[in-house]
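Dear colleague,

Please find below the structure that I am handing over to you. My notes on it follow directly after.

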Amino acid sequence: SDSIYSKFMTGDTTPPTHAPTPDGTPDNGGPQTATYNKERGVPSCAIGVSCDTKKLLDGRHKLGPEPNQPNTLDNCSDGTGGNYHSDESLDAIFISSDSAEDMKEGSSVTVKADAWCWDNGRYDFIYFFHASDATDPDWNLTGRIPCTGGDKQTLSVSYELPKGTLQAVRASIRYENGNVAQ
């Protein structure tokens, strides 16, 4: 499973990390591309309307080019069996505000995961989780979505951001309907 975290605006307690426009009006943080955060061991983004891991999660373990694996907040290890883009892997996570505004407490967001589903996908599921505190994550199941076919699939869930200034999302691909381990 892979994770990302991002700072989110929370009332008046977290100021924006982006500068105002030249005319002095507040600027939307806009789309953010995640960068690897060595301290946390996962990709992260600043405040913005979206956060995209791009290629930072591509593959799993030593299968594929995934740099900095396992890319999880709690060092949960990736499975080691199989072949890159023949067997299951989670290749990207993208989270975005459902409005044109920066993500903040109470915002409706959509999390998308690019996954590589095995065979025809009928035995693979993507589990989505979120945590309101990336420094001490208490993972909450956001959704369990079946793969709709084999090979690359983009699956998504939506939820409302809870209270918290350093939030995280996690996605995990699972073969069959196993336990919801985090």
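Arg40 counts as partly exposed because its relative accessibility is 22%; buried means under 20% relative accessible area, exposed over 50%, and partly exposed in between (1.4 Å probe, protein chains only). Its partner in a salt bridge is Glu39, with the closest N and O atoms 3.7 Å apart; Glu39 is exposed, at 69%. A salt bridge here is a side-chain nitrogen of Lys or Arg within 4 Å of a carboxyl oxygen of Asp or Glu.

Please note that this is a predicted model, in which local features need pLDDT of at least 70 and side-chain atom pairs count only at pLDDT 80 or more, while totals for chains, interfaces and linings use all residues. Residues are numbered from 1 along each chain as its sequence is written, and side-chain values use heavy atoms, with hydrogens and water left out.

The whole structure contains four salt bridges. Among them is the one between Glu101 and Lys104, at 3.5 Å between the closest N and O atoms. Glu101 is partly exposed at 46% relative accessibility, and Lys104 is partly exposed at 36%. Another joins the side chains of Asp114 and Lys152 (3.8 Å, N to O). Asp114 lies in strand β7 (residues 108-117) and Lys152 in strand β10 (residues 151-160), so this pair ties together parts 38 residues apart in sequence. Strands (E, at least two residues) are DSSP runs, numbered from the N terminus.

Finally, His130 belongs to strand β8 (residues 124-131) and is buried, at 14% relative accessibility.

Yours sincerely

Terms used
Helix = DSSP H or I, 4+ residues; strand = E, 2+ residues; numbered from the N terminus.
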